[in-house]
Amino acid sequence: MSLVYIGLGANLGQPQQQLEQAFIELARLPNSTLVTQSSLYHSKPVGPQDQPDYVNAVALLETTLEPLALLDALQQLEQDHGRIRKRHWGERTLDLDIILIDDSVIESERLTVPHPFAQQRSFVLIPLSEINPELVFPNGKALGQLLTELDNDLIRIRD
Ligand code: ROI
């Protein structure tokens, strides 16, 4: 059994609805339980600025799926949402990223865990801190410390 943090993001179509639907689908994944979901947040795009603002959130999943089986399942959900990805670091209908799997470090062709950019991105760290403010990354960096080094440029969406 593993605890997996998953980052959710969308900025095309109806991003808020995409994320709410994605939480329902995460809860239905085989051999998995959706433990917690963060609030939804509006965030300014990282990368090209000529794209819509994002809605972001983080989910905590308990699963017995192996990492690559989970990756397959998440990519299938992205496809089911009619994933459109126009360009690298560009807009997308639904993005599901594996952020952390327990204290695992994975560097394989298809999957890098922890997510390589997670520690620099407020749209990941802020929702993560809502779920687990005490979290420490496998490289020893504390989430609380990382947050002090970032701007809080996210706007929480009212429930
Ligand atoms: N920017 C924000 N704010 N949120 C995202 O989820 C996001 N995802 C991406 C890139 C294009 C890097 N920028 C993002 O993949």
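**How the ligand is held**

In this predicted model, a backbone N or O atom of V46 lies 2.7 Å from a nitrogen atom of the ligand, a polar contact being a pair of N or O atoms within 3.5 Å. On its own the ligand exposes 360 Å², and the protein buries 95% of that (areas by the Shrake-Rupley method with a 1.4 Å probe).

Now for the chain itself. The protein chain has four helices and eight strands, taken as DSSP runs of at least four residues (H or I) and at least two (E). Starting at the N terminus, the order is β-α-β-β-β-α-β-β-β-α-α-β. The radius of gyration, over C-alpha atoms, is 15 Å, close to the 15 Å from the globule rule for 159 residues, so the chain is as compact as a globular protein of that length; the rule is 2.2 Å times the number of residues to the power 0.38. Along the principal axes, the C-alpha atoms fill a box of roughly 40 × 35 × 35 Å.

Residues are numbered from 1 along each chain as its sequence is written, and side-chain values use heavy atoms, leaving out hydrogens and water. Local features need pLDDT of at least 70 and side-chain atom pairs pLDDT 80 or more, while totals for chains, interfaces and linings use all residues.

Methods:
A polar contact is a pair of N or O atoms within 3.5 Å; within protein, one must be able to donate a hydrogen and the other to accept it, and residues adjacent in sequence count only if both atoms are side-chain atoms.
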